[in-house]
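I opened a new notebook page for this structure. The entries below follow the order in which I looked things up.

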Amino acid sequence: MKLLSRKATCNTHGQDSSYFLGWQEYEKNPYDEIKNPTGIIQMGLAENQLSFDLLESWLANNQDAAGFKKDGQSIFRELALFQDYHGLPAFKKALVEFMAEIRGNKVTFDQNKIVLTAGATSANETLMFCLAEPGEAFLLPTPYYPGFDRDLKWRTGVEIVPIQCTSSNGFQITAPALEDAFQEAQKRNLRVKGVLVTNPSNPLGTTITRSELNLLLSLITEKGIHLISDEIYSGTVFNSPGFVSVMEVLKDMKCESSQVWNRVHVVYSLSKDLGLPGFRVGAIYSNDDMVVSTATKMSSFGLVSSQTQYLLAALLSDKKFTRNYISENQKRLKQRQKLLVKGLEKAGISCLKSNAGLFCWVNMKHLLSSNTFDAEMELWKKIVHQVKLNISPGSSCHCTEPGWFRVCFANMSEETLNLAIQRLKSFVESMNINNQSHDHQLLKNSRRKSLAKWVLRLSFDHDREPEER
């Protein structure tokens, strides 16, 4: 008799992905400016640490919220006992208003249609449980966040079918790519229940265009399936074109009374926009009452603490703070992204043009020994172990083209980022020198062979009899 379940003994979690293996290498030898200056710099973690000072300043000026007080009186006991999985009404109200503010108030959200979850990971998995059976599939455009292989599949039994996007059009979603994905699902005998996109994209750092959103909405209308829009990076858009939420497109199309209105679901979180992944605050927004009801019941397996909700309700209700924070945070992200892009350019490395996110999609194809994923892994291992930078290889994101890497820029100081750029620049220069030396040696060898052949020919001609000449 087996003592453990198949879930406990199977290897489908995705922990063996190079995305997670890079983290493990970093944890063995983490960079520290003082204690370990030659350690590995973590550039594989999409955290936003650029605006902590704004949050800390607010906390210092709002002692009641930070100390769990209301009108100077402690409400610690009340918060300690609160465990309603519907969440604190004040927090849900503040959260939906913050979501609307990020979207320029072009759309509004009903707090009764939002479900609180312990982060976006829980939100996405919960939606899989609500929308699909084990063995059914969701389509995801590539490249996509490596964690989805765990979040969407591991416990739910749902399958992922990639929508293969390419660099030829900046990895945008096309009608032929969608049709190819459907055909691939049919070959695998999988019933497609929906499409999941990240907007802005992780790992591309780009916003999905309105035409792409129209294409997706037409598809789910035609096929009678769902669309999940993971919008956890919506507040990080720092350049044009601006962010367009799928809810805005639905509103513009006047879809409120159509069936598709109930088949579009939004995932949100405060992990990226506010830089609070440790607070574990995520949310599902849906117009489908059954999805909201079921997801709310499931949320009891991963609640947001009442203390967290109380603190953030006060913070997000401060409109002067949120307005300044959104603006200043986007400004800092823009400056930091520019620093990375310019630094990589000096090293001869280009990036996909981006306007959002906490990372760049970096093209290192020219550094590969061959146009293969084996060569990509070979280069990645050198960058981790020799250059001492943990970046995420494109293959971990299911990219169809070798040589792309996701490089994060917002989880470190400016000094550390400059050091990382210098390390990479030195590595590229050493590779160029080695390649030039190798090419020079090949040329010398070629000349030696040519000379040897010439000498041999002279000798042969001299040894021949006159009549034979």
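Is Trp58 buried or exposed? I found Trp58 buried, with a relative accessible area of 5%; buried means under 20%, exposed over 50% and partly exposed in between, with a 1.4 Å probe and protein chains only.

I noted that this is a predicted model, where local features need pLDDT of at least 70, side-chain atom pairs count only at pLDDT 80 or more, and totals for chains, interfaces and linings use all residues. Residues are numbered from 1 along each chain as its sequence is written, and side-chain values use heavy atoms, with hydrogens and water left out.

Next I looked up ring pairs (Phe, Tyr and the six-membered ring of Trp, centres within 6.5 Å; planes under 30 degrees apart are stacked, over 60 edge-to-face, the rest tilted). I found ten aromatic pairs in the structure. Phe20 and Trp23 form an edge-to-face one, at 5.8 Å centre to centre and 80 degrees between the planes. Both residues lie in helix 2 (residues 18-28), three residues apart; helices are DSSP runs of H or I, at least four residues, numbered from the N terminus. Phe20 is buried at 5% relative accessible area, whereas Trp23 is partly exposed at 23%.

I then returned to Trp58. Its ring centre is 6.2 Å from that of Phe321 and the planes are at 50 degrees, so the pair is tilted. Trp58 is in helix 3 (residues 52-61) and Phe321 in helix 14 (residues 319-346), 263 residues apart. Phe321 is buried too, at 10%. Ring pairs join Trp58, Phe321 and Tyr325 in a cluster.

Note on methods:
Helix = DSSP H or I, 4+ residues; strand = E, 2+ residues; numbered from the N terminus.
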